[in-house]
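Here is a short briefing for a reader new to this structure. The sequence and the model come first, and notes grouped by topic follow.

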Amino acid sequence: MAEWICVAAAGDLQPGACGEYVAGGRIVALYNVGGKYYALDGICPHQGGPLGKGTLCGAIVTCPWHGFQFDVTTGQHQTSKSLVHPTFPVKVENGEVFAQI
């Protein structure tokens, strides 16, 4: 059953930043898009690249290993409409960012 797990302090990621965290035994990629937080499974489906260490441009993250691109708000791959990467619901409470994992 999914539970809300603290991933990071809200101040850890400035707008436009991304980070890699471990929460609930999973690697989680966390993104700050204009002050709103989003979370993806942190492992790129291509060859296991670290999506939390990618480059964020608007709401699109680019995997640092081979350039796969995903919309962090939906998990949608940018060139293959059949590929949607897992996302996690996110909430902020008392200055901490939680993901439902």
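Strands (E, at least two residues) and helices (H or I, at least four residues) are DSSP runs, numbered from the N terminus. This is a predicted model, in which local features need pLDDT of at least 70, side-chain atom pairs count only at pLDDT 80 or more, and totals for chains, interfaces and linings use all residues. Residues are numbered from 1 along each chain as its sequence is written, and side-chain values use heavy atoms, with hydrogens and water left out.

**Overall make-up**

- The protein chain has zero helices and 10 strands.
- Read from the N terminus, its elements follow the order β-β-β-β-β-β-β-β-β-β.
- Along the principal axes, the C-alpha atoms of the protein chain fill a box of roughly 35 × 30 × 20 Å.

**Surface, contacts and charge**

- Of the 101 residues in the protein chain, 41% are buried. Buried means under 20% relative accessible area, exposed over 50%, and partly exposed in between (1.4 Å probe, protein chains only).
- The protein chain has an accessible surface of about 5,200 Å², and carbon and sulfur atoms hold 52% of that surface. Accessible areas come from the Shrake-Rupley method with a 1.4 Å probe; for residues, only the protein chains shown count as cover.
- Among contacts in the protein chain with a separation of 6 or more, 38% are between residues 24 or more positions apart. A contact means heavy atoms within 4.5 Å.
- There are 5 positive and 7 negative side chains in the protein chain, and the centres of the two sets are 7 Å apart. Lys and Arg count as positive and Asp and Glu as negative, while His and the chain ends are not counted. Each charge is placed at NZ of Lys, CZ of Arg, CG of Asp or CD of Glu.

**Strand 4 and its partners**

- Strand 4 (residues 36–41) is largely enclosed by the rest of the structure, because five of its six residues are buried.
- Strand 3 (residues 26–33) runs antiparallel to strand 4, and six bridges join them. Two strands pair if DSSP finds at least two bridges between them.
- In this pairing, V33 stands opposite K36 of strand 4.
- The hairpin of strand 3 and strand 4 has two residues between the strands, and G34 takes a positive phi near 60° there.
- Strand 4 also pairs with strand 8 (residues 87–88), in the antiparallel sense and over two bridges. Here L40 stands opposite T87 of strand 8.

**Strands 9 and 10**

- Strand 9 (residues 90–93) and strand 10 (residues 96–100) run antiparallel and are joined by four bridges.
- V90 is opposite A99 of strand 10.
- The hairpin of these strands has two residues between them, and N94 takes a positive phi near 50° in it.

- N32 lies in strand 3 and is buried, with a relative accessible area of 2%.
- Not counting residues up to four places away in sequence, N32 touches L13, Q14, P15, G16, A17, Y37 and L56.
- L56 belongs to strand 5 (residues 55–57) and is buried, with a relative accessible area of 13%.
- With the residues up to four places away in sequence left out, L56 touches G16, A17, Y31, N32, V33, V61 and V72.
- L56 and K91 are 35 residues apart in sequence, and their C-alpha atoms are 20 Å apart in space.
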